[in-house]
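Subject: Structure for your review

Dear colleague,

Please find below the structure that I am handing over to you.

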Amino acid sequence: MSPAKQASQGEAAAAVAAGARLEAMRRRVRLSRMAVWTVIAAGPIALCVAVASSPTTVEAATPAKPASVRTTAAVDPGGYAQLFVSAWLRSSADDTTTAQARLAQSLAPDVELPDPHADAQPAPQSVTAVRSAQRDGGAWSVTVAAQYADGTVRYFAVPVAADSTGASFAVTGAPGVVAGPGRAETKSASAYGVSVPEGDLSSAVGEFLAAYLTGAGEVGRYLAPGVTLSAVSPAPYAAVSVQHVSAVEEAAAAETVPADGTTVRVLVRVEARDADGRWPLAYELALTVRSSRWEVAALQSGTAQDGGAR
């Protein structure tokens with residue numbers, strides 16, 4: 001057989017095979033259409049079954065909802081216990097109609113009122129909650145200090161219960177007299193080990209604190225850009241003088257003002273005066289250099305520990 005004839009026979013065979021495959025595809029399409037129409041005719045239930053049983057069905061993933069976490073901030077009942085002890089110490093079982101007695105009974109209906117003698121020690125000058133300890137199940141123990149005119153202090157432990165939200169409290173028992181909290185040991189070493197001589201930095205902090213505490217000048221002129229700080233109002237003192245300045249960084253003790261951008265932390269001890277006397281105060285400040293002058297970048301009073309006066 002010639003090559004040309006063999007080629008023509010091969011092409012014919014290929015065409016027949018392609019036609020067979022096309023016919024098979026057409027049959028599958030017709031069968032699929034018939035199945036769909038049959039299911040539709042059978043009703044919605046059959047349609048659901050057909051869809052559920054289809055191997056090509058892909059179930060869309062349902063986004064998982066984030067778990068809700070409920071957090072309840074523990075509310076210190078110290079103020080509640082303080083109010084109760086103040087009213088309780090000013091009450092008498094002989095007269096339950098006084099305002100203090102009614103207040104004490106409203107805060108703790110099951111607690112018996114005291115019964116002081118006529119010549120007993122007067123009521124305390126002040127009552128202050130000094131410590132709160134949380135127990136299990138919403139229970140608290142609050143230590144309250146009562147200070148009297150003769151300088152004595154008496155401490156009371158008050159049991160208090162709080163609800164699950166921390167919005168309601170109840171005194172659950174009579175107060176008990178206890179020993180006061182001990183004095184904690186403090187660090188003797190100071191981070192402010194650099195003594196700052198009189199100069200630009202001492203003058204800057206003195207002028208700032210004078211404006212801050214006496215109203216002598218505008219506080220804003222001593223602040224670094226972006227720092228907002230208001231003077232104490234009304235001004236509590238008539239005069240403020242710097243007694244000592246110490247720093248953490250050596251740059252604070254330089255004879256000349258350092259380069260712009262230099263920042264130091266200082267502890268300033270001052271003496272403030274008013275009509276009632278002299279008051280030693282201390283302030284922790286951060287200062288930065290801008291345009292060759294010191295400016296206050298932060299006031300953090302009450303955080304300093306300098307190991308005592310020097």
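**Salt bridges**

Arg 278 is partly exposed, having a relative accessible area of 47%. Please note that the model is a predicted one. The side chain of Arg 278 meets that of Glu 271 in a salt bridge, at 3.4 Å from N to O. Glu 271, for its part, is buried, because its relative accessible area of 16% falls under the 20% cut-off.

The structure holds five salt bridges. Glu 295 takes part in one with Arg 290, where the closest N and O atoms are 2.9 Å apart, and in one with Arg 293, at 2.7 Å from N to O. Glu 295 is buried, with a relative accessible area of 1%, whereas Arg 290 is partly exposed at 39% and Arg 293 is partly exposed at 34%.

**Helix 5 and the largest nonpolar core**

The largest nonpolar core has 29 residues, and those that touch the most other members are Leu 201, Val 205, Phe 208, Val 266, Val 268 and Leu 287. Two or more residues come from each of helix 5, strand 7 (239-247), strand 8 (263-274), strand 9 (277-290) and strand 10 (293-299). Helix 5 gives the most, with eight residues. Beyond its neighbours within four places in sequence, Val 266 is in contact with residues including Leu 201, Val 205, Val 245, Tyr 283 and Leu 287. Another core, of 24 residues, lies apart from this one and has Phe 84, Val 127, Val 160 and Val 171 among its members.

**Aromatic pairs**

The count of aromatic pairs comes to five. One of them joins Phe 208 and Tyr 212, which are stacked, with 5.7 Å centre to centre and 20° between the planes. Both residues lie in helix 5 (residues 200-214), four residues apart, which is about one turn of the helix. Phe 208 is buried at 0% relative accessibility, and Tyr 212 is buried with a relative accessible area of 13%. Elsewhere, Phe 84, Trp 88 and Phe 156 form one aromatic cluster.

**Helix 3**

Helix 3 (residues 78-89) has twelve residues and reaches 16 Å from its first C-alpha to its last, close to the 16 Å expected. Its buried residues include Phe 84, Val 85 and Trp 88. Among the elements that cover the buried residues of helix 3 are helix 4 (99-107), strand 1 (126-134) and strand 3 (153-162).

Yours sincerely

Methods:
Residues are numbered from 1 along each chain as its sequence is written. This is a predicted model: local features need pLDDT of at least 70, side-chain atom pairs count only at pLDDT 80 or more; totals for chains, interfaces and linings use all residues. Side-chain values use heavy atoms; hydrogens and water are left out. Rings of Phe, Tyr and Trp (its six-membered ring) pair if their centres lie within 6.5 Å; planes under 30 degrees apart count as stacked, over 60 as edge-to-face and the rest as tilted. Buried means under 20% relative accessible area, exposed over 50%, partly exposed in between (1.4 Å probe, protein chains only). The expected span of a helix is 1.5 Å times one less than its number of residues. Contact means heavy atoms within 4.5 Å. A nonpolar core is a set of buried Ala, Val, Leu, Ile, Met, Phe, Trp, Tyr and Cys residues joined through side-chain atoms within 4.5 Å. A salt bridge is a side-chain nitrogen of Lys or Arg within 4 Å of a carboxyl oxygen of Asp or Glu.
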